[in-house]
Amino acid sequence: MGQTTRASVVWLAAALGVLAPATPASAAPQGVTLTASPSTMLFGQATQLSGTVSPPSGSQTVAIVDEATGQQLGQAVTAADGSYGLQLAPDRNVRVHAAWGGKVSQAVDLGVQPVVSVALKDVLLFGSATASGQIQPPLDGSVAITLFRGKAVAAAREAPVAAGAFGIELDILRPGSYRAEAVFLHQSYLPGSGVSGSRDTPLPHLKEGSRSVYVQLLEERLRELHYRLPSPNTRFDYRTGDAVLTFRKVQGMSRTKSIAPSVWRALAVPKVPRPRASAPRNHIEVDQTRQVLYVVRNGKIAHIVHVSTGGPGIGTTRDGVWRVWLKFTGYSPLGLFMPAFFDGGRAIHGWPEVPPTPASHGCVRVPNWIAPWIYRQVAVGSQVRVYHS
């Protein structure tokens, strides 16, 4: 056969497909896939698991398996196109895969957050607030509580959690709007958190005759600031009024015996007086401008008392440094109650009327109810320093 004829035969054989065997079609990959949406969820919520099997075949069973334990958590049947889907509500963090016909999918991590609820109640200025709540599922552990005043952190504490329940008291030192955030950590779960609603500190009006827990909180705060009062209770009486008046004097506020929101706010961030003299370490000071008496102990003001000194046109209380030279138990011949004389006939003494301004004949009046206590604070020889601030 000639060269031309041979070439023609080769061309014809190629065209007819008989020169070489045909290349087989690529086999479709076999296996199973798995996806989750969403991959993180709150406890009790479900995720949608879906995937396909290949080659597609209807009515094939696909199992969802916990990789750590091998436990089957659910199963689905494929559609004609090989797709499948099911919902799963895991009770903890878990890594799963899909199994079908001896083949397994890539692993998928499912994260579960505990449900954390927290409430804030009884937000009392100079008292406390209670942050309490529940964890679902009911786990044991601890929860981190952050108390916010506005956007600022007011306190941060940890509270134990038992069977999913927790509660803790947090000090409230400033007026404002508060909320609590609780964060729960557990090795088997993603971090869970919850935030309470906002709560404002009540700032009630109080006056003599008022009765409530707010009176007790007021008295405790006044005592903390060294304003002389008996043991705190829930009754606003004349002694409470005297302490309130004294506080108002020191703060430069109007000289009344009632409590308004402005006074609560001043109690939270008060002006703190300091003694005029550091020696001797124990002495008495009378500030005629503020009309208050300071009992100084160890160089610091230990007690603050309401007084009235000499009034215009009546008598003068002289500024200076004096010493107690005479004391009377009970009433003096001139009717002064528990007097301690420091400047001739001028004395620190009890009196039924102690107005908020100078009104005496030159003595330093204190309320009768506090006079026996003041009497015990000043010994003969004690220094009494009188001045205008």
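Modeller: Arg95 is partly exposed, with a relative accessible area of 42%, where buried means under 20%, exposed over 50% and partly exposed in between (1.4 Å probe, protein chains only). Its salt-bridge partner is Asp109, at 2.7 Å from N to O, a salt bridge being a side-chain nitrogen of Lys or Arg within 4 Å of a carboxyl oxygen of Asp or Glu. This pair links distant parts of the chain, 14 residues apart, with Arg95 in strand β8 (residues 94-100) and Asp109 in strand β10 (residues 108-113); strands (E, at least two residues) are DSSP runs, numbered from the N terminus. Asp109 is partly exposed as well, at 46%.

This is a predicted model, in which local features need pLDDT of at least 70 and side-chain atom pairs count only at pLDDT 80 or more, while totals for chains, interfaces and linings use all residues. Residues are numbered from 1 along each chain as its sequence is written, and side-chain values use heavy atoms, with hydrogens and water left out.

Arg318 and Asp343 form another salt bridge, their closest N and O atoms being 2.7 Å apart. Here Arg318 lies in the loop between β21 (300-306) and β22 (320-323), whereas Asp343 belongs to strand β24 (residues 337-343), 25 residues apart. Arg318 is partly exposed at 40%, but Asp343 is buried at 4%. Salt bridges that share partners also join Asp66, Asp91 and Arg92 into one network, in which the closest N and O atoms of Asp91 and Arg92 are 4.0 Å apart. In total, the structure holds ten salt bridges.

How values were computed. Helices (H or I, at least four residues) and strands (E, at least two) are DSSP runs, numbered from the N terminus.
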